[in-house]
Amino acid sequence: MKTCQLFVRCLKDMISWILLYLALSGIIFLYAYFTGANFGKILYPFLLCTLIFFCFLLVKFLKVKEKHESLSALKDLSADIGENLPPARTLPEEDYQAILRNLENRTTKELNAETEKYNDMIDYYTMWVHQIKSPIAGMSLLLQNQDSKESRELSVELRNIEQYVQMVLAFTRLGSASSDYVFRKQPLDPIIRESVRKYACQFIEKKIALEYEGTDAEPVTDEKWLAVVIEQILSNALKYTKEGGKIRIEVRKPVTLVISDSGIGISPADLPRVTEKSYTGRNGRLDKNASGIGLYLCKTILDRLGHKMSIESEVGKGTSVNLDLSASLYRD
């Protein structure tokens, strides 16, 4: 708040003092008028009182200005506000500060309790994800020894389960400030090929053609988290591409990974919101299993990595997801 605005505000707050001074001054002049007293004799003490009163207002304003600046500096503090409050000069100020400290203590206790609950939940889901991987791997090995339509269909569904489990783990870890990001130059080709290999059964089952010629690009990124993003985008492409369709993967200069499909596409109304949490849009209404989490998860991970994502789509013709990997949050 500017000084002049603060001064006007202080005058409004001290209006009772000003009105009291004006009232007392009026009483003195009325008394002098009705009693026939000499105005010259009361003028000097009146001017002296006026000067003292204005000095009082000025001192009051300077104290208010100092306290306002001290309190304004506390707006950016995230904790220990009570310990940084300016000294209380009046009994009401002491009461207000005591109330604020009590509220701060209660808030801190509740925040600590919620943090503990959240950490317990993260620990539980992390343990659950690691435990569930064992039976998934066991079932996958059993299905590898069989070659039938039913076994291929089960392999596809098992891969879906594995993806959902991985999504749970990634989603819970996003809330942690200490997520295990490891930034370094990563060959992009092995990440893409491993992601495609995981969805081999879906490509075969739906007879979807894959176009990918390889790349020698080496962006600075985190291999594990980028793989989560690529797998999620491939999963969406496979889900919304009809049998006999096509998925194309290419890397454009400088380092932009483009994953295109010939699927059902995204309507113009839904396109700006597809990365919002839990937003499913028209495709989600067609697919009752859609959660609206996948692209939100991708966008969040890419923001953490310092990469950018853009989506181009046309209904009935397909969708292209562009991952600009030329920048990252890595610093030497």
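Helices H8 and H10 are roughly antiparallel to each other, a class that covers angles over 145 degrees, whereas those under 35 count as roughly parallel, 65 to 115 as roughly perpendicular and the rest as oblique. The model is predicted; local features need pLDDT of at least 70, side-chain atom pairs count only at pLDDT 80 or more, and totals for chains, interfaces and linings use all residues. Residues are numbered from 1 along each chain as its sequence is written, and side-chain values use heavy atoms, with hydrogens and water left out.

H10 spans residues 294-305. H8 packs against H10 at an angle of about 155 degrees, and their axes are 9 Å apart. Axes are lines fitted to C-alpha atoms, for helices over the stretch in contact, and angles run from 0 to 180 degrees between N-to-C directions. Helices (H or I, at least four residues) and strands (E, at least two) are DSSP runs, numbered from the N terminus. The H8 and H10 crossing is left-handed. This term applies if the near helix is turned anticlockwise from the far one by less than a right angle; clockwise gives right-handed. H8 also meets H5. The axes of these two helices come within 11 Å and cross at roughly 135 degrees. H5 and H8 are therefore oblique to each other. H5 passes H8 in a left-handed crossing.

The whole structure holds 13 salt bridges. A salt bridge is a side-chain nitrogen of Lys or Arg within 4 Å of a carboxyl oxygen of Asp or Glu. Side chains of opposite charge can pair when their charged atoms come close. Arg 159 is buried, with a relative accessible area of 7%. Glu 162 is partly exposed at 37%. Buried means under 20% relative accessible area, exposed over 50%, and partly exposed in between (1.4 Å probe, protein chains only).

Glu 194 is partly exposed at 34%. Arg 197 is exposed at 51%.

A further salt bridge links Lys 207 and Glu 243 (3.9 Å, N to O). Lys 207 lies in the loop between helix H7 (200-205) and strand S2 (209-211), and Glu 243 in the loop between helix H8 (223-239) and strand S4 (246-252), so the pair ties together parts that are 36 residues apart in sequence. Lys 207 is exposed, with a relative accessible area of 56%. Glu 243 is exposed at 57%. Salt bridges with shared partners also join Glu 211, Lys 246, Arg 248, Glu 250 and Arg 252 into one network.

Tyr 118, Met 121, Tyr 124, Tyr 125, Met 127 and Trp 128 make a nonpolar surface patch of about 560 Å². Patches are made of residues with over 30% relative accessible area and no salt bridge; like charges are joined within 9 Å, and nonpolar side chains (Val, Leu, Ile, Met, Phe, Trp, Tyr) within 5 Å. Accessible areas come from the Shrake-Rupley method with a 1.4 Å probe; for residues, only the protein chains shown count as cover. Tyr 125 is found in helix H4 (residues 91-144). It is partly exposed, at 33% relative accessibility.

Arg 9 is found in helix H1 (residues 3-13). Arg 9 is partly exposed at 47% relative accessibility. Its C-alpha atom is separated by 9.6 Å from that of Phe 61, 52 residues apart along the chain.
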